[in-house]
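Please look through the structure shown here with its sequence at hand.

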Amino acid sequence: MATMASPRWKELSKYAACDLADGLLKLNVPGVGFLADIRPMPHTANIPHLTPRKIVAPASTFLMLPKATKSFPNPAPTSENVPASNLPDSRPYADYTESGTIVVISQPVGQSCAVVGGIMAARMKYLGAEGLVVDGRVRDLVALNETQLPIWSKATSIIGAGAETKFHARNVPVKIGGSTVAPGDIVMIDPFENGVVAVPQDKVEELLELLPKLVGADEKVIADVEQGVSVQEAFKHHRN
């Protein structure tokens, strides 16, 4: 995935997700890039936990839409704002995976099925995905854990994607909570802060200029508070 972000985007990895959110708040980014309620996938008892590592990479996106089946005959209506399908053929979405990206998948709200399972995750890993962020459900936890990919989602399921969902478009903007992720935006998966944040590609340079000042100020505030200074006074001295 080509990104129009500053070539310095990898420098964001020096910071925590909370730092990025603080900076995006200062830059008035809608939703401050926070991908709300996205959490690390649960680990099964017989698979060792992954060693936590922060991942920063450009986003590629997949958009799913609801479909009617005999088991789920009444899908929610589709929004009028859904972009047109841009798929050249009927390949499963995982076959479109772009190496070096964090794959962000948008699932319709309220569905019971998963949109990522063991087969799709194995294919995305083979094609070079850096991680998966699923605004929806995943399943096949044993198989997902075995991929060793960082996989974050809102929930789990035991039902396959075909029960309720169809692949509609790739590399279109997707909305998660109050934030929008466009293809090429820079996504951070931060297991140390238990959060995911997306930086609009046109804000990367501004954010990198701002972060040292914000982080430095907070370090001075903490040092003062640990010496007995009130938070009010510490803020007055360092945050203003």
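Arg-139 counts as partly exposed, because its relative accessibility is 26%, where buried means under 20% relative accessible area, exposed over 50%, and partly exposed in between, with a 1.4 Å probe and protein chains only. Its side chain meets that of Asp-140 in a salt bridge with an N to O distance of 3.7 Å, a salt bridge being a side-chain nitrogen of Lys or Arg within 4 Å of a carboxyl oxygen of Asp or Glu. Asp-140 is likewise partly exposed, with a relative accessible area of 35%.

The model is a predicted one, in which local features need pLDDT of at least 70 and side-chain atom pairs count only at pLDDT 80 or more, while totals for chains, interfaces and linings use all residues. Residues are numbered from 1 along each chain as its sequence is written, and side-chain values use heavy atoms, with hydrogens and water left out.

The domain assignment divides the protein chain into domain 1 (8-200) and domain 2 (206-239), with bounds that come from an automatic or database domain assignment. The C-alpha centres of domain 1 and domain 2 are 34 Å apart, and the contact takes 12 residues from domain 1 and 10 residues from domain 2, contact meaning heavy atoms within 4.5 Å.

The largest nonpolar core has 22 residues, and those with the most contacts inside it are Leu-12, Leu-20, Leu-24, Ile-186, Val-199, Val-204 and Leu-207; such a core is a set of buried Ala, Val, Leu, Ile, Met, Phe, Trp, Tyr and Cys residues joined through side-chain atoms within 4.5 Å. At least two residues of this core are supplied by each of helix H1 (17-26), strand S9 (186-190), strand S10 (195-199) and helix H4 (204-226), where helices (H or I, at least four residues) and strands (E, at least two) are DSSP runs numbered from the N terminus. H4 gives the largest share of this core, 7 residues, and the core draws at least three residues from each of domain 1 (8-200) and domain 2 (206-239). Not counting residues up to four places away in sequence, Val-199 touches Leu-12, Leu-20, Leu-24, Asp-185, Ile-186, Val-204 and Leu-207. A second, separate core of 20 residues includes Tyr-93, Val-115, Leu-132 and Ile-151.

How many salt bridges does a search of the whole structure find? The search finds 11. In one of them the side chains of Arg-8 and Glu-209 meet at 3.1 Å, N to O, and this pair links distant parts of the chain, with Arg-8 in the segment before H1 and Glu-209 in helix H4, 201 residues apart. Both partners are partly exposed, Arg-8 at 26% relative accessibility and Glu-209 at 47%. Arg-8 and Glu-209 are also linked with Glu-11 and Glu-205 in a network of salt bridges. The side chains of Lys-203 and Glu-206 meet in a further salt bridge at 3.7 Å, N to O; Lys-203 is partly exposed with a relative accessible area of 22%, and Glu-206 is partly exposed at 40%.

Val-231 is found in helix H5 (residues 231-238) and counts as partly exposed because its relative accessibility is 44%.

Some loop residues deserve a separate look. Gln-148, in the loop between helix H3 (141-147) and strand S5 (151-156), has a phi near 65 degrees, a positive value in a residue other than glycine, and is partly exposed with a relative accessible area of 40%. Asn-171, which is not a glycine either, has a positive phi of about 50 degrees; its place is in the loop between strand S6 (165-170) and strand S7 (174-176), and its relative accessible area of 21% makes it partly exposed. Pro-75 lies in the loop between strand S2 (55-66) and strand S3 (102-106) and is partly exposed at 34%. Not counting residues up to four places away in sequence, Pro-75 touches Pro-66, Lys-67 and Ala-68, whereas Pro-75 and Gln-111, 36 residues apart in sequence, are 8.6 Å apart in space, C-alpha to C-alpha.
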